[in-house]
Amino acid sequence: MSITNTTDATFTEDVLQHDGPVLVDFWAPWCGPCKLIAPILEELSQEWGDKLKVVKLNTDENPETTGHYGITGIPTMHVYSGGEVVKTIVGALPKKKLATELEPYTT
């Protein structure tokens, strides 16, 4: 499964109403660490297939969702399960560390 984009308008459907766990990458085009983590998230998304849905939300273009979840620094990643945030990861992590943090949500 590849990474998709979500917006303020589609967040509820794309994330909160999704049957399985969803990783949301809150990012912006000008963010250096966001650019570093993007290929890692793409790799993990491919490896995990549909065990963990990965979506990106551009914080500049989607202030409503960004503000609702109190995102003040990026990259911030939230794992949602059953419409609730169950894990928060802030900052760009190496692939191995990020995979370890997310693995409980891919089973």
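The face of helix α4 turned away from its buried side carries Lys96 and Thr100, both exposed. Here exposed means over 50% relative accessible area, buried under 20%, and partly exposed in between, with a 1.4 Å probe and protein chains only. Helices (H or I, at least four residues) and strands (E, at least two) are DSSP runs numbered from the N terminus. The model is predicted: local features need pLDDT of at least 70, side-chain atom pairs count only at pLDDT 80 or more, and totals for chains, interfaces and linings use all residues. Residues are numbered from 1 along each chain as its sequence is written, and side-chain values use heavy atoms, with hydrogens and water left out.

**The buried side of α4**

Leu98, Ala99 and Leu102 are the buried residues named in α4. Seen down the helix axis, the buried residues of α4 fall within an arc of 100 degrees, so they line one face of the helix; the arc is that of the directions from the helix axis to the C-beta atoms. These buried residues pack against β2, α2, β4 (76-81) and β5 (84-90), where contact means heavy atoms within 4.5 Å.

**Salt bridges**

Side chains of opposite charge can pair when their charged atoms come close. A salt bridge is counted when a side-chain nitrogen of Lys or Arg lies within 4 Å of a carboxyl oxygen of Asp or Glu. By this rule there are five salt bridges, including those in the table.

| Pair | Closest N to O distance |
|---|---|
| Lysine 95 and glutamate 43 | 2.8 Å |
| Glutamate 101 and lysine 97 | 3.2 Å |

Lysine 95 pairs with glutamate 43. Because lysine 95 lies in helix α4 (residues 95-102) and glutamate 43 in helix α2 (residues 32-48), the pair ties together parts that are 52 residues apart in sequence. Lysine 95 is partly exposed, at 28% relative accessibility, and glutamate 43 is also partly exposed, at 39%.

Within α4, glutamate 101 and lysine 97 are four residues apart and thus separated by about one helical turn. Glutamate 101 has a relative accessible area of 22% and is therefore partly exposed; lysine 97, at 44%, is partly exposed as well. Elsewhere, salt bridges that share partners join Glu43, Glu47 and Lys95 into one network.
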